[in-house]
Amino acid sequence: MIPFRPTFTPFVKTPMSRFWSQVVRDLTPYVPGEQPKIANLIKLNTNEHPFPPSPRVLDAIRNELGEDGARLRLYPDPNADLLKQAIAKRYAVDSSKVFVGNGSDEVLAHIFMALLKHDAPILFPDITYSFYPVYCGLYGVEYRAIPLAEDFSLNPADYRGQQGQNGKIGGIIFPNPNAPTGRLLPLAAIEQIVCANPDCVVVVDEAYVDFGGDTAIPLTERYDNLLVVHTLSKSRSLAGLRVGYAIGHPALIEALERVKNSFNSYPLDRLAIVGAVAAIEDEAHFQQCCHAVIATREALTAKLEELGFTVLPSAANFIFARHPQHDAAELAKALREKNIIVRHFKQARIDQFLRITIGTDSECATLVDALRALIG
Ligand SMILES: *Cc1c(COP(=O)(O)O)cnc(C)c1O
């Protein structure tokens, strides 16, 4: 027998192969921020929360594991009903309006497939979460990138019919606050977009809303075309647990359930379900941690402005800043050499900006000292 010899080198980009389907040949995958394997790095590049999750999350996970982990033999609840109920209670909506998934990225993927794939282009801002065009590529959804204003604000009047062929559009999606700018759109502007487009779904990705915005969830009681997406990765300190959810009219939720049940019946494991429930139920811990991040954000913004940075107004757990005299890519590289990682995007309009996640007070102080030394 000829032994099997792997011909690939792990972690090295392999060239295209004749085995690849056409879909895979045409994909341009999303590139997430670096998750370095080095210890003692100040990691301000992927918008994780600087503080640990609620201690109740650990209790719930330990309890689910029990003495011997025997419960892990059994599949989790495919509908994650306990979690849907906890979310429904927190936002005072019916649980038929709640969909849950393995991180909000998975929820978003199902939304593209179930609600945004039509015979007309969808609209999103030119500067936004870079996963949206990736899902368009995966599912064959046409899109138009609508330029934000010079100051990176979004004009609601830009989001209505007549943009696509025959004036039709297939849907609208944007984060609020936007990523990577941090800029917030007031609720009245969201409502204007939802009202102006009654025949397509408007998706508001509220990954960062808990750091200073008002959620559009109450509007879902009045508009059947609005879907609001949340994640536990940012404001609930649980990026490692992978839980996200969407809230909207039950007919929108049913579309997502149909896709989910055609893909993976058990997107949330047992530990994720109980951990997420505990996180949602610990309101005091949540409020306290969000407020701490907001206070640090305001202090860091002031410090960077003192150093000559221009900082966009942020309602998120990161800031978007540029220095008029210093190249952003070079600053990012120099910070990396000092073991501090921030995010830089090689993209037109924003290639002179750094996106800096709000860390602990001490991490932010180290960052400010490093920048002061660099720009003198
Ligand atoms: C982080 C982020 C997400 C994804 O969050 P996960 O729940 O971790 O998949 C979605 N949308 C935006 C705008 C984000 O920044």
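This is a predicted model: local features need pLDDT of at least 70, side-chain atom pairs count only at pLDDT 80 or more; totals for chains, interfaces and linings use all residues.

Student: In what order do the three strands of the open sheet lie?

Tutor: In general, strands of a sheet pair through backbone hydrogen bonds, either parallel or antiparallel. Here the order is β9-β10-β12, with antiparallel pairing. Strands are DSSP runs of E, at least two residues, and helices are runs of H or I, at least four, numbered from the N terminus. Two strands pair if DSSP finds at least two bridges between them.

Student: Which strands are at the edges?

Tutor: β9 (310-311) and β12 (354-357), each pairing on one side only. Two bridges join β9 to β10 (residues 318-322), and T310 has R322 in β10 as its bridge partner. Helix α9 (residues 283-306) packs on the sheet and touches β9, β10 and β12, its direction making about 10° with that of β10. Contact means heavy atoms within 4.5 Å.

Student: How do helices α4 and α7 cross?

Tutor: Axes are lines fitted to C-alpha atoms, for helices over the stretch in contact, and angles run from 0 to 180 degrees between N-to-C directions. The axes of α4 (residues 103-116) and α7 (residues 250-260) come within 9 Å and cross at roughly 115°. The two are therefore roughly perpendicular (65 to 115 degrees; under 35 is roughly parallel, over 145 roughly antiparallel, the rest oblique). Residues in α4 including H110 and M113 meet residues in α7, among them L252 and K260. The contact divides into eight nonpolar, one polar and one charged. Ala, Val, Leu, Ile, Met, Phe, Trp, Tyr, Cys and Pro count as nonpolar, Asp, Glu, Lys and Arg as charged, and the others, Gly among them, as polar.

Student: And what about α10 and α11?

Tutor: Helix α10 (residues 328-337) and helix α11 (residues 361-375) have axes that come within 11 Å and cross at roughly 120°, so they are oblique to each other. L331, A334 and L335 in α10 meet α11 residues including L367 and L371.

Student: Which residues of α3 are buried?

Tutor: Buried means under 20% relative accessible area, with a 1.4 Å probe and protein chains only. In α3 (residues 81-90) they are L83, K84, A86, I87 and A88. Their cover includes β2 (98-101), β8 (244-248), α7 and α8 (270-281).

Note on methods
Residues are numbered from 1 along each chain as its sequence is written. Side-chain values use heavy atoms; hydrogens and water are left out. Buried means under 20% relative accessible area, exposed over 50%, partly exposed in between (1.4 Å probe, protein chains only).
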